[in-house]
Amino acid sequence: MTAAMTLPLSNTAFDSSDWGRQMQSFVAELFPICRSITGDGLRETLRRIAQRVPLQIHEVPSGTPVLDWTVPKEWNIREAWVKDSSGRRVIDFALCNLHVVNYSVPVRRSMSLAELRPHLYTLPDRPDWVPYRTSYYKESWGFCLEHRVLEALPEGDYEVCIDSTLRDGHLSYGELLLPGTCPDEVLISCHVCHPSLCNDNLSGIAVAAALAQQMLAVPRRLTYRFLFVPGTIGAITWLALHENEARYIRHGLVLAGVGDAAPLAYKKSRQGSAEIDRVMEVVLRESAKPFVIKEFSPYGYDERQYCSPGFNLAVGRLSRSAHGEFPEYHTSGDNLNFVQAASLDASLRVCSEALSVLENNRRYSNLSPKGEPQLGKRGLYRAIGGSDEPAKIELAMLWTLNLSDGRHSLLEIATRSGIAFSAIAEAARLLSKHGLLREETDASDSPAINASREEF
Amino acid sequence: MTAAMTLPLSNTAFDSSDWGRQMQSFVAELFPICRSITGDGLRETLRRIAQRVPLQIHEVPSGTPVLDWTVPKEWNIREAWVKDSSGRRVIDFALCNLHVVNYSVPVRRSMSLAELRPHLYTLPDRPDWVPYRTSYYKESWGFCLEHRVLEALPEGDYEVCIDSTLRDGHLSYGELLLPGTCPDEVLISCHVCHPSLCNDNLSGIAVAAALAQQMLAVPRRLTYRFLFVPGTIGAITWLALHENEARYIRHGLVLAGVGDAAPLAYKKSRQGSAEIDRVMEVVLRESAKPFVIKEFSPYGYDERQYCSPGFNLAVGRLSRSAHGEFPEYHTSGDNLNFVQAASLDASLRVCSEALSVLENNRRYSNLSPKGEPQLGKRGLYRAIGGSDEPAKIELAMLWTLNLSDGRHSLLEIATRSGIAFSAIAEAARLLSKHGLLREETDASDSPAINASREEF
Amino acid sequence: MTAAMTLPLSNTAFDSSDWGRQMQSFVAELFPICRSITGDGLRETLRRIAQRVPLQIHEVPSGTPVLDWTVPKEWNIREAWVKDSSGRRVIDFALCNLHVVNYSVPVRRSMSLAELRPHLYTLPDRPDWVPYRTSYYKESWGFCLEHRVLEALPEGDYEVCIDSTLRDGHLSYGELLLPGTCPDEVLISCHVCHPSLCNDNLSGIAVAAALAQQMLAVPRRLTYRFLFVPGTIGAITWLALHENEARYIRHGLVLAGVGDAAPLAYKKSRQGSAEIDRVMEVVLRESAKPFVIKEFSPYGYDERQYCSPGFNLAVGRLSRSAHGEFPEYHTSGDNLNFVQAASLDASLRVCSEALSVLENNRRYSNLSPKGEPQLGKRGLYRAIGGSDEPAKIELAMLWTLNLSDGRHSLLEIATRSGIAFSAIAEAARLLSKHGLLREETDASDSPAINASREEF
């Protein structure tokens, strides 16, 4: 427990190693792989993450019932192209894996442009970008291409090839459990199923992997569970197979779209005032950068599953630009230029700071609750009185003593006082050292708020 | 129950028949009648309403004790005038029934202008309008006239005649009960005691009668009680004689002053967050027209009685310009020109929409609450993924599934999601049809809110 | 009980005697005395207060353990000066008692300017003002002087004399208990330890003494306890010796810095919505002058002690400029010119009004709760109906009847209605007289709010 107090309150310990550039190069490394919700591209991605942190890779057979869903057949693809009558490849998966509709069934035949057209997806408003489309749950096939290219296609016959397989196999996902001294868990989850799209969600993968590397290196009070799962079906599969483990998840973050230049945006959990919701608000405010707080909604990434009413976990989401809010979303515009080392780095710092607050957020009881204890005789207060203002740490101690009635957590004290959490935590450390505070052993940060949480 | 789901979610079913003009012509028909809190003008008014809906007309004898009050003697009037020394009628009830102070006792004698003056009421600031004055509970007499006319009266003797009677008789009121499949009641109440004043309250009478006509024509889950009562004493009389029935009133609206050009204004019930209060807020917001929400106050129309602490019914009030807020209030300026068909029509639409929300507001439990159910396999979700935005109905289904934990009503889901109630209700219908939702049978729209209501 | 209703609702009864000038002259009378947290200056100050109200002066021996503290040795001083080599007094306590660091131990010797310098305190930014400094709990000595004077001191030897004593003795404080018909107490507390500083806190002393004079002269429902105590150690001493009595304190005000020209500022108690907090907000709003409401913080004056978590009393603070917020704070600039009769007077009026609200704040039950009672037959309502607006007292009666369900206090009715507390109290008086209200005997002003208070 006291060991956990040594977790740095800011991630300055990690500053020197240039996390931003490291994450950006990981994004670049993963970019060319053709991922999907199953298959070898997904497996290869998990293997690359496992080179950085000791990830366990799990394989769940096709056909396994998972909640209201079924694990689908495994999809793999070797090549896909459309050739014109001269034999020139007018669309080629080898150049960009977005060109094929993800989960397309195999096809190999000639057809007229008129027959082909219903299988072609473009963005008329963005004629130079290739859209990203999927057909996971309906057997179908198609190509995505630049609208500009489509318009230049002459009438005539085309040879179409999608050399894919859709067979019983497995759904793969990665998991890393970092035990702490306490069984309460923090879930960090990101989706790993999108092909060559950088912000959505190689950015989330890179930040989650870096955060896991950092947490591996420090003593932990809480237990951390990192999930690298295909979107929707992966989260549903994990939940279906781990209903009991899910009960230990006390806080969670979905990381998605954290690499672009937009301000950080935290989307609250369904609970709305869970500890993670209040932590993220404090950490973002203390970051002194622009940020956005959004209310929960049941659309988005895997918070949809974690916050379904049957689980109702305290899982929020950290993003920058959100799904559908930026033109590059789900297009070839979401490429290596769209993600910046500095954005990845700042996203990582906020996550790291949030985990630090969760680690250090406790409730205490003032052992000298009647009147103020005499801080001066313990060397905790200036000797010469009369000057204008108390030192910042003196004020932090007064707030901590005043509100430490066994009910208010340090997070609540920081919020109510407007003083940085780190200063409140330092005050609690000093006061504990002088025997003025006793830590409450009940783990919950706020009995009153927790009670209302149950009722949500 | 399912029958009730067929109640149209908007009143488009009623659009074709030009309710606005119909209501305006009813206002014109009732305008000339000299109404009071008792008497033949009141009876005649109720008879005209009864020509449109199967109204029951009740007669309560003078002297009946009703709560802290007593049903007064019945007042009737044949004629009333003031003649100058030349025999010319300078004031004449036959021209405008506002000229006599309502409930004036009979008088027939000559007097000087000086003697007459204390019995004359004018509006010095509005010299061309006749004020409306009453003296129900103190035996008195008087005339109301244009200030301009008063100033022109020469000194001299005048002959004064009020040919009225104030005798034991009855207080009349009209009532229409439209039973539904459920005994919970919706009260629609309006005052019917004012003489030739259009907005206050022939407008309320016309809208209430039209609403009753509409509700007669549709299947009903809830039971509807329409009251056409003289102001204050009528509501008190009904409450005194129906204390037990009043317990079934779960929602209510007083309709008063709903025909002028001002924006609609909803005044909350004393409870302040009753279902009707939240319904009216949602319906007015969805109307996409300017509107006002006012907190409860114990002054106004018959909501004063329904919201007295011994009843504390969930009865709000819909008005446009409120009592005392417009210069025409309680004067001859509140005439046929002051009330507009379009305003009457829009008031009716909002009422109709509110009843539709009350009919369709239920609570459901998601039968697949762990993770999202797979909507796609049920044909409820697009097959090709990746495009920017979910369809509106998809979003409505996700919200409805996420919050249908047996505690949130559809109204609460509409409010929290910002999605129109009609779309949420349609989503609930679709999801129920596919076995994904089960309706909760407990009638209350929100157990948590209802609990706090008891405590108000 | 009914006697208490005769307490004037505004302090007009006291207007004639020019309290402002009387308080200002009391400030001037006390100004020259050298006060500290113990000693003869403090005793002399209490004696002067006792000439105005029947104050009990208590003496607590040095060494008495009080909560986490110990009553210190008693400090007294005869003279203190620094002479230059020519024998001229360059600093002289006789001219201004701020010149010596309060609680300086005795010293008598020659030293160089270099040796003397660490014992000299100045304000470089305000070179003409003498700062106020203390060293209560660390044996030390020093002088405070104008920075301008310090800069003019030539090098050379100086003779230094502080003729003080620091010996076992007593801590003195003054107390006045004014019993009411009910044991619930109102605490009025001010600090009396500062030497020649006017706003901080001769202003608080003068207002508290005047308020005590006023309360002596009127019948009281509540019991009033006035404390004139040295800051921090005095409040701690009183709390340590009166833990049981402290349980009777239901409301309290610390008065500090109430004489300058800044708007009145009320700092809420730690409870945050205690009755005193709501009373002060209503009274300041009704004063129709600018004012400020501040949230509780654990820094400030003796509310720090009364609001420590082991007591958590409903004690707020009334001030104008607060500690550290004005340049004159804790300097010779806080002199007789800084405090104004009009400010003292307005501070007194607000206190007086607040006590009047506390005296008259009750809960009632409407004895005719079903419908409105017929006010007209009791002569409480206009006989001629139809005019625009009800009289103010009619509206106050309607609100009081509507919310008097045994749960809402008059204060809550005033707050919700926006009507002045005095009008609501007058309405309650009229309605009680006519048998329409019954006072609830349970003393608490709001059962719901009190319940949540326990949980704070």
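Visitor: At what angle do helix H1 and helix H10 of chain B pack?
Guide: This is a predicted model. In it, helix H1 (residues 19-30) of chain B packs against helix H10 (residues 341-360) of chain B at an angle of about 115°, and their axes are 8 Å apart. Because angles of 65 to 115 degrees count as roughly perpendicular, H1(B) is described as roughly perpendicular to H10(B).
Visitor: And which hand does the crossing have, left or right?
Guide: The crossing of H1(B) past H10(B) is right-handed.
Visitor: Which residues make that contact?
Guide: From H1(B) come Trp19(B), Gly20(B), Arg21(B), Met23(B) and Gln24(B). H10(B) contributes Ala341(B), Ala342(B), Leu344(B), Asp345(B) and Leu348(B).
Visitor: How do those residues divide by type?
Guide: In the contact of H1(B) with H10(B), six residues are nonpolar, two are polar and two are charged.
Visitor: Let us turn to the chains. How many residues does each of chains A and C put into their contact?
Guide: Chain A gives 22 residues and chain C gives 25 residues.
Visitor: On the side of chain A, which helix supplies the largest share?
Guide: That is helix H11 (residues 392-403) of chain A, with four residues. Overall, the side of chain A that touches chain C consists of eight nonpolar, eight polar and six charged residues.

Note on methods. Residues numbered from 1 in each chain as written. Chains lettered and ligands numbered in written order. Predicted model: local features only at pLDDT ≥ 70, side-chain atom pairs only at ≥ 80, totals over all residues. Contact = placed C-beta atoms within 7 Å. Helix = DSSP H or I, 4+ residues; strand = E, 2+ residues; numbered from the N terminus. Nonpolar A, V, L, I, M, F, W, Y, C, P; charged D, E, K, R; others polar. Axes fitted to C-alpha atoms, helices over the stretch in contact; angles between N-to-C directions. Parallel < 35°, antiparallel > 145°, perpendicular 65-115°, else oblique. Left-handed = near helix turned anticlockwise from the far one by under 90°.
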